[in-house]
Amino acid sequence: MRIATFNNVNRRLPNLLAWLEAEQPDVVCLQELKAEDRAFPIAAIEAAGYGAVWRGQRTWNGVAILARGATPVITRRALPGDPSDPQARYIEAAVNGVLIASIYLPNGNPQPGPKFDYKLAWFERLISHAGEMMAAGVPVVLAGDYNVVPTEADIWPGHHEQDNALLQPQSRAAFQTVLDQGWTDALRRLQPEGPLWTFWGYLRNRWPNDKGMRLDHFLLSPDLAGRLKGFEVSRPARGAEGASDHAPVWIEIGDPPKRRSGRTPAPKAADARQV
């Protein structure tokens with residue numbers, strides 16, 4: 001199963017549709033829909049061969065999960081822990097026996113300030129919910145735009161982003177706390193070292209100069225981590241006309257091991273001749 005994450009959709013629907021046709025991922029987690037529920041482009045998504053569940057919101061937020069040839073079974077439309085939170089940043093659904101969350105974690109800039117406080121509070125809610133999911137022992141993928149650069153290896157060398165909320169010690173510590181629950185950082189599992197960017201800002205020639213960051217992450221429960229086969233950052237999509245500042249990223253999860261029936265297998269023909 002190929003699972004993808006793709007940020008910044010509504011104004012770039014042609015980019016999304018072209019990428020879906022080219023790559024044919026099985027599941028896609030979308031963030032930053034920038035559209036309320038009724039404006040979600042479900043007709044175009046279904047015409048491309050995908051079912052969808054979504055939670056829209058005007059302005060900057062909104063999340064969705066697409067499944068090729070199926071409709072995801074929604075399990076949550078919001079991150080638990082604060083019923084008064086109006087921001088559409090989390091949706092969760094089951095697809096082919098895997099529980100998948102699309103996450104759009106708050107940016108937190110400028111910091112310090114209320115936006116950074118909200119980021120950290122939201123992160124604490126994610127830590128709590130992720131811990132409950134880990135304890136349940138079900139196959140889970142937590143995918144999306146975390147707005148966190150986990151380490152200095154995840155941003156271009158020589159940067160001057162020390163005041164950015166994405167790089168603050170508190171943000172990095174929160175991300176590490178989730179990993180410490182037993183989740184696997186899929187991209188770094190497959191590429192432990194070297195540049196691994198998923199985001200290039202529009203300003204200051206960041207894209208042509210390859211000055212990127214890794215903001216988009218897949219965290220896997222232990223059983224799925226053992227089935228991790230590969231990944232790709234779709235740089236051609238980032239370089240297309242009208243592209244998002246995030247490249248789409250996908251991981252590939254292999255099939256689960258077949259269950260043994262417990263029955264003694266019949267002897268092979270060669271074995272039978274030896275009896």
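The model is predicted, so to speak: local features need pLDDT of at least 70, side-chain atom pairs count only at pLDDT 80 or more, and totals for chains, interfaces and linings use all residues. Residues are numbered from 1 along each chain as its sequence is written, and side-chain values use heavy atoms, with hydrogens and water left out.

**Stop 1: helix α1.** Colour Leu 13, Asn 15, Leu 16, Trp 19 and Leu 20, which are buried (under 20% relative accessible area; exposed is over 50%; 1.4 Å probe, protein chains only). Look down the axis of α1: these buried residues fall within an arc of 160°, so they line one face (the arc uses directions from the helix axis to the C-beta atoms). Pro 14, Glu 21 and Ala 22 are exposed on the face turned away. Next comes Gln 24, with a positive phi near 55°.

**Stop 2: Ser 221.** Jump to the loop between β10 (216-220) and α6 (222-225), where Ser 221 sits. Ser 221 counts as buried because its relative accessibility is 2%. Show its side chain: one of its polar atoms lies 2.9 Å from the backbone nitrogen of Val 140. Leaving aside neighbours within four places in sequence, Ser 221 is in contact (heavy atoms within 4.5 Å) with Met 134, Val 138, Pro 139, Val 140 and Trp 183.

Technical notes: Helices (H or I, at least four residues) and strands (E, at least two) are DSSP runs, numbered from the N terminus. A polar contact is a pair of N or O atoms within 3.5 Å; within protein, one must be able to donate a hydrogen and the other to accept it, and residues adjacent in sequence count only if both atoms are side-chain atoms.
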